[in-house]
Amino acid sequence: METILYLAHSEDDGSLGRAALETLSGAVELHKKMSSSRFVAGFVGGDVTAALTAASGCGAETSYSVSGPDFAMSRCASDTAALEAICRASGATIVVAPATSRFNRAIPGVAQRLGGRIDTHVGGFSVEGAELRIQRGYYRQRMIATLTRAARPWFLTVDSGLFAQWAGAAAPLKSERLDVAIDNDLRRTKVVGYQAPMAAAQTIRPDAKLLFVAGVGWTKKQADGQVHLEEAAKVITDFLGRSNASLGSSKSLVDQSSDGHNVFPFMSHLNQVGQTGATPRHPKGLAACCHGEEPHVVGWRFIGERRAINLDPNCGWAQGKADVLYVADAFALVAKVSELL
Ligand SMILES: Cc1cc2nc3c(=O)[nH]c(=O)nc-3n(C[C@H](O)[C@H](O)[C@H](O)COP(=O)(O)OP(=O)(O)OC[C@H]3O[C@@H](n4cnc5c(N)ncnc54)[C@H](O)[C@@H]3O)c2cc1C
């Protein structure tokens, strides 16, 4: 019989984050599909009381928690020790965890300590007979693979955006507190603070309803034979400010800055979508001045409704990839939309 262990870490305020709540829905669904399995949960964090409440009603027969000041911060050494203790106490054979940056650093080490196997970026579960199968995208190969493994424990880190966030009934989750000793060696790493750009300067907004992808067309000579970089920057930033969209870019556009060209200061390689960039998840997407194949086929795989603006009716978007293509001048169209907003 499989024992499915759901793992989560609490956030700074003690609650469960979005990815953890989504993965909990996924784990509950998986438990239902594997009817003969046991379902247990494990929590790590400074104070996990609110996390246990957030997970209420999930149906876990028991849960294990490791908490205290030593476990408040995201630190590989203490997280790995805590998660190892939870996995051993639960006798887990299948471990399902959100692919947060904190867990992405710690869970592979836990798999190693338990002699298990791990698959990351899990994109879905199915059960055939009693056999668990997972889906995973291989972006470069443009394939979605369905995998199964005989090795146990099998660790699965689940991508965000696949399941609805868990909103449980008020049925308190029982938790057994595990004591995990952290010595001074493990305490050597300390989190002293966060460095992040100011919210207003942050153009990557994973929770935005809209992804706005800019292509190299913004930097090309326009009808008057001139480039209009300043105007392009203003049109793009005005639109982002008014729509609260997240900003994506084609590779060609962000590559220009590394070639010493004068392009947009609010954009970096982190904005790149596509085969060698990110595959963000937003309900809607709008691409402007962008022709490229990679951003569309790969970068937009998880975007719900897709629209594009291009002067060229034969641009890449027109080849069946956009739901709506506006054959128009993006400078004029995006400025007009901002005005209307
Ligand atoms: C191995 C490999 C990996 C790659 N990975 C990625 C990746 O991860 N992400 C990525 O983006 N690319 C990637 N590429 C590159 C990709 O194939 C394309 O070359 C690139 O995306 C094209 O960028 P673009 O659409 O911005 O520029 P272009 O192809 O130059 O398109 C510019 C468009 O702007 C339009 N335009 C110009 N002016 C206006 C205007 N006023 N109004 C409206 N439209 C206008 C033009 O009609 C044109 O269609 C990869 C390539 C390779 C070989």
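User: What makes up the lining of the largest pocket in this model?

Analyst: Happy to walk through that. In this predicted model, the largest pocket holds about 1,300 Å³ of space. Its lining has 33 residues, and Ala99, Ser101, Ser160, Ile204 and Pro206 lie nearest the centre. By class, the lining divides into 15 nonpolar, 13 polar and 5 charged residues. Among the elements that each supply at least two lining residues are α1 and α4.

User: Which residue marks the kink in helix α4?

Analyst: That is Ile107, where a kink of about 25 degrees lies shortly before the proline Pro108. Ile107 is also one of the buried residues of α4, along with Arg102, Phe103, Ala106, Val110 and Ala111. The cover over the buried residues of this helix includes β1, β2, α3, β4, β5 and β8. After α4 comes Gly115, with a positive phi near 65 degrees.

User: What makes the pairing of Glu84 and Arg113 a salt bridge?

Analyst: The cut-off is a side-chain nitrogen of Lys or Arg within 4 Å of a carboxyl oxygen of Asp or Glu. For Glu84 and Arg113 the N to O distance is 2.8 Å, so the pair meets that definition. Glu84 sits in helix α3 and Arg113 in helix α4, 29 residues apart, and the pair links distant parts of the chain. Glu84 also forms a salt bridge with Arg88, with the closest N and O atoms 3.0 Å apart. Arg88 and Glu84 both lie in α3, about one turn of the helix apart.

User: Are Glu84 and Arg113 buried or partly exposed?

Analyst: One of each! Glu84 has 17% relative accessibility, so Glu84 counts as buried. Arg113 has a relative accessible area of 43%, so Arg113 is partly exposed.

User: How do you know that the Arg281 and Asp159 pair counts as a salt bridge?

Analyst: Their closest N and O atoms are 3.8 Å apart, and the cut-off is within 4 Å, so the pair qualifies. Arg281 is partly exposed because its relative accessible area is 22%, whereas Asp159, with 12%, is buried.

Note on methods
Residues numbered from 1 in each chain as written. Predicted model: local features only at pLDDT ≥ 70, side-chain atom pairs only at ≥ 80, totals over all residues. Heavy atoms only, no water. Bend = angle between axes of the 7 residues up to and from the residue. Helix = DSSP H or I, 4+ residues; strand = E, 2+ residues; numbered from the N terminus. Buried < 20%, exposed > 50% of the residue type's maximum accessible area, 1.4 Å probe, protein only. Contact = heavy atoms within 4.5 Å. 1 Å grid on protein atoms, 1.4 Å probe; cavity = no way out; pocket = protein on both sides within 12 Å on 5 of 7 lines; lining within 4 Å. Points joined across faces, edges and corners; volume = space filled by probe spheres on them. Nonpolar A, V, L, I, M, F, W, Y, C, P; charged D, E, K, R; others polar.
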